[in-house]
Amino acid sequence: MMEGVQAEAASLAGHLKLGKLIVLYDDNGISLAGTTSVSFSEDVRARFASYGWHVQAVENGNDLGAVDKALRAAQQVGDRPSLIAVRTIIGFGAPHKQGTFHVHGSPLGPDEVKAAKENLGWPVEPPFLVPDDVSAHFRAAVERGAQEQDDWRRRLAAYQAAFPDLAAELTRRMAGALPVAWDTDMPTFPADPKGLATRKASEGVMQALAKKLPELIGGSADLDPSTFTWLKGQGDFAPASQPQGGVQGAVGGAWDYSGRNVHFGVREHAMGAVVNGMAYHGGFIPYGSTFLVFSDYMRGAVRLSALARLGSIWVYTHDSIGVGEDGPTHQPVEHFLALRAIPDLLFIRPGDANETAWAWKIAIRNRHRPTALALTRQNVPTLDRTVYASAEGLTRGAYVLNPRAAAARPDIILIATGSEVQLIVAAEPVLAAKGITARLVSMPCWELFEEQSAEYRESVLPGSVTARLAVEMGCSLGWERWTGTDGATVTLDRFGASAPGEVLMKEFGFTTERVVGAAESLLARTGRPSRS
């Protein structure tokens with residue numbers, strides 16, 4: 001009850017009037033390090049009542065009849081979530097340790113176990129006793145469960161007969177299967193030197209996906225007008241009883257629980273927990289969105305999605321100092337590294353609009369591991385894919401952008417992610433005019449690249465070319481894996497500043513001129529590879 005995530009989630013549940021939610025609060029007055037009174041004195045019941053919850057209290061947690069009565073009463077409340085505060089004694093029966101924090105995180109020990117058994121009138125021997133009537137009671141659940149499963153199957157069969165299309169859709173979604181041709185009619189983006197922000201490209205892709213994937217559902221932490229992660233016309237998830245008049249920020253469409261746009265409010269951690277909950281349940285492809293810098297607020301949920309191998313999708317925008325005037329509090333620097341450090345999380349930073357479309361395809365396909373998308377606030381050029389390699393290369397984590405222009409043994413390899421891809425693309429002709437052949441590598445996802453065969457990785461980053469320059473508006477730490485000990489980086493190992501984005505990028509050296517100069521300096525140090 002002390003942690004912030006439960007306050008965020010409970011507030012949202014009360015607002016949404018989630019009447020099927022029942023929470024049992026083990027109110028034993030003890031935490032791991034002592035009594036809760038040393039740090040916690042609020043009136044929990046009053047707080048939950050203020051959230052709009054139905055609140056009950058059971059004064060004796062060992063009174064199973066009272067607990068059952070409270071649960072049945074809660075089940076009758078359909079328009080509010082329910083909290084049942086149950087007063088218990090931690091370690092009940094242990095004569096020297098019950099009601100103390102010593103029971104919370106440590107075993108009782110042999111002597112206290114013996115004393116507890118004697119105190120409760122339980123046989124001291126054998127050490128672990130399961131009486132026959134207890135065993136029979138639990139084994140009866142097997143037969144009861146089989147009967148309930150058979151009943152479920154009969155009802156499902158009846159539903160399939162009456163509504164075959166809906167039943168097929170339910171079966172597909174609960175199995176986690178994607179519909180046929182779900183990725184057709186996806187937008188493609190023409191070459192454009194001005195381009196558009198990858199968050200804006202993502203918006204267009206999401207609208208196309210929403211038409212093919214009715215299970216796609218999610219929202220942002222009060223940032224729809226900035227992250228562009230709304231599903232237009234797909235309804236707002238809200239209790240129908242809640243007045244819609246005067247509401248600002250509604251996406252449009254149905255105003256009830258059929259809505260696919262969830263307004264999480266400024267509750268990043270709860271948003272992460274809710275998205276994971278929907279993924280655990282199955283039948284949905286859930287996503288949550290906020291600014292990349294605020295991923296810190298929900299890191300626990302993101303980490304859990306990877307640990308549990310959930311198909312949660314995290315959409316993070318405003319991914320660099322390109323955010324601009326909001327300043328260093330809103331400008332991610334260490335966040336690429338922090339998210340890449342989470343095992344089994346795909347962190348993808350697409351370099352243009354078409355890479356963004358492919359990034360979404362990867363996120364949708366990965367139903368058994370989470371994906372984090374890092375998208376720009378500022379416009380980035382849309383590359384001419386008749387000149388540069390197909391953006392489908394993103395599916396392999398990294399790919400050569402200019403296979404025709406770069407020799408089999410280039411002088412230098414320029415590697416970039418996200419908005420910095422434009423810098424290496426612009427640097428290539430400048431270097432060529434100086435007689436330097438550069439291979440361009442877009443590397444939107446380290447994790448996907450690591451999963452490729454050794455042969456493919458060598459084809460992209462040949463070991464014979466040790467002059468490698470990585471360009472990214474984030475920490476340099478970690479890039480040595482790809483640049484090697486002889487390589488270099490154009491990166492950012494300090495916090496940003498408050499100024500227009502284009503000013504910051506110039507002041508911090510994220511320019512074509514800086515990339516060209518860094519490439520020349522690197523070659524002066526390492527020398528060019530032999531072409532013999």
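**Figure 1. Pairing of strands β18 and β19 in the predicted model.** In this predicted model, strand β18, residues 468-471, runs parallel to β19, and 3 bridges join the two. Leu469 stands opposite Ala488 of β19.

**Figure 2. The open sheet that contains β18 and β19**. Five strands form this sheet in the order β15-β17-β16-β18-β19, and their pairing is mixed. The edges are formed by β15 (399-400) and β19 (488-490), each of which pairs on one side only. In general, strands of a sheet pair through backbone hydrogen bonds, in either a parallel or an antiparallel manner.

**Figure 3. Helices α14 and α19 against the strands**. Helix α14, spanning residues 421-433, packs on the sheet and touches β16 (412-416), β17 (438-442) and β18. The direction of α14 makes about 170 degrees with that of β17. Helix α19 (residues 512-526) lies across β16, β18 and β19; relative to β18, α19 runs at about 155 degrees.

**Figure 4. Packing of helix α10 with helix α11**. The axes of α10 (residues 268-281) and α11 (residues 299-307) come within 7 Å and cross at roughly 20 degrees. Because angles under 35 degrees count as roughly parallel, α10 is roughly parallel to α11. The crossing of α10 past α11 is left-handed.

**Figure 5. Residues at the contact of α10 with α11**. Helix α10 contributes His269, Gly272, Ala273, Asn276 and Tyr280, while α11 contributes Ala301, Leu304 and Ser305. By class, the residues of this contact comprise 4 nonpolar and 4 polar, with no charged residue.

Key
Residues numbered from 1 in each chain as written. Predicted model: local features only at pLDDT ≥ 70, side-chain atom pairs only at ≥ 80, totals over all residues. Heavy atoms only, no water. Pairing = 2+ DSSP bridges. Helix = DSSP H or I, 4+ residues; strand = E, 2+ residues; numbered from the N terminus. Contact = heavy atoms within 4.5 Å. Axes fitted to C-alpha atoms, helices over the stretch in contact; angles between N-to-C directions. Parallel < 35°, antiparallel > 145°, perpendicular 65-115°, else oblique. Left-handed = near helix turned anticlockwise from the far one by under 90°. Nonpolar A, V, L, I, M, F, W, Y, C, P; charged D, E, K, R; others polar.
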